[in-house]
Amino acid sequence: MDPFLPSKSCGVCMMNTSWREKQHPAFISYISSFLAANSFRLNFLPIAPDFIFNSGGVSIAFIFETCWDCENGEIVLSRVEKLKNQFKHLYVVAAVPTREQNDSFNQYYLKYSFELGRPTFVPVRDPEMGFEKIVNIAYARGACKQRDAISMMKTERERATQCLDAFLHVVTAIPGIDNHDANALAQAFGSIEAIAQASKGTILESTDLSSDKAERIFRFFRDPQYYLSPRIH
């Protein structure tokens with residue numbers, strides 16, 4: 001098991017059926033074992049890229065050349081051109097074990113003048129290293145997505161807390177309305193605007209407030225003389 005992957009990682013890996021048929025059975029067996037060891041479920045489907053990983057709520061596509069063919073680089077890069085606009089996260093992983101293959105790979109990359117990171121090209125020494133890179137990338141993308149989601153939820157919670165504090169501050173400014181009453185109104189109506197539009201009867205039906213308090217709230221938002229007049233406590 002790859003030491004850089006946590007033991008509890010999970011997700012789904014979809015392998016292109018046509019790509020599978022071109023590979024040695026021993027390599028497909030290696031891929032299956034590696035995925036199982038990292039809790040990725042493997043499916044075989046007629047997809048456009050060679051692999052699609054669903055990890056942490058994000059999809060990552062891969063073109064995987066297990067041995068770069070110096071004579072067919074044009075075909076591979078033309079395929080990349082077609083797929084790069086279909087997938088937000090697309091990676092091209094190519095095994096370039098010889099200097100000649102590596103030079104050919106670099107020449108084709110420069111020839112097509114791809115925008116940096118669209119897609120990302122990953123040259124490797126051998127197919128096994130290439131697939132381990134693929135799984136590492138898929139897991140890292142998924143983990144980043146989850147962290148972003150957690151951070152967004154935290155931000156939303158903080159914003160909601162701030163909104164509730166402001167809500168309580170405004171509602172408890174109404175004479176005779178305490179925090180319990182304000183929380184009941186928040187749960188029933190959700191906003192100051194909704195309370196301001198509610199009738200006395202609606203307030204009574206939606207909360208446990210007394211008739212006197214419902215009347216105070218109703219008058220507060222409709223009778224300027226009521227909320228502007230001095231109060232003696």
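Start by selecting Phe-51, which sits in strand β3 (residues 51–55). This is a predicted model, so treat each stop as a feature of that prediction. Is Phe-51 buried or exposed? Phe-51 is buried: its relative accessible area is 0%, and the cut-off for buried is under 20%.

Next, show what surrounds that side chain. Leaving aside residues up to four places away in sequence, Phe-51 touches Cys-13, Met-14, Met-15, Trp-19 and Ile-31, as well as Ile-60, Ala-61, Phe-62, Phe-64 and Phe-131. Pick Phe-62 from that group. Phe-51 and Phe-62 are 11 residues apart along the chain, and their C-alpha atoms are separated by 5.0 Å.

Now move to a pair of helices. Select α3 (residues 73–83) and α4 (residues 99–112). Their axes lie 10 Å apart, and the helices pack at an angle of about 45 degrees. α3 and α4 are therefore oblique to each other, and their crossing is right-handed.

Which residues meet here? From α3, color Gly-73, Glu-74, Leu-77, Ser-78 and Glu-81; from α4, color Tyr-108, Lys-111 and Tyr-112. By class, this contact has 3 nonpolar, 2 polar and 3 charged residues.

Finally, zoom out to the whole protein. In cartoon view, look for 10 helices and 6 strands. Of the 233 residues, 38% are buried. Switch to a surface view: the protein exposes about 13,600 Å², with carbon and sulfur atoms supplying 53% of that area. Among contacts between residues at least 6 apart in sequence, 69% join residues at least 24 apart.

Methods: Residues are numbered from 1 along each chain as its sequence is written. This is a predicted model: local features need pLDDT of at least 70, side-chain atom pairs count only at pLDDT 80 or more; totals for chains, interfaces and linings use all residues. Side-chain values use heavy atoms; hydrogens and water are left out. Helices (H or I, at least four residues) and strands (E, at least two) are DSSP runs, numbered from the N terminus. Buried means under 20% relative accessible area, exposed over 50%, partly exposed in between (1.4 Å probe, protein chains only). Contact means heavy atoms within 4.5 Å. Accessible areas come from the Shrake-Rupley method with a 1.4 Å probe; for residues, only the protein chains shown count as cover. Axes are lines fitted to C-alpha atoms, for helices over the stretch in contact, and angles run from 0 to 180 degrees between N-to-C directions. Angles under 35 degrees count as roughly parallel, over 145 as roughly antiparallel, 65 to 115 as roughly perpendicular and the rest as oblique. A crossing is left-handed if the near helix is turned anticlockwise from the far one by less than a right angle, and right-handed if clockwise. Ala, Val, Leu, Ile, Met, Phe, Trp, Tyr, Cys and Pro count as nonpolar, Asp, Glu, Lys and Arg as charged, and the others, Gly among them, as polar.
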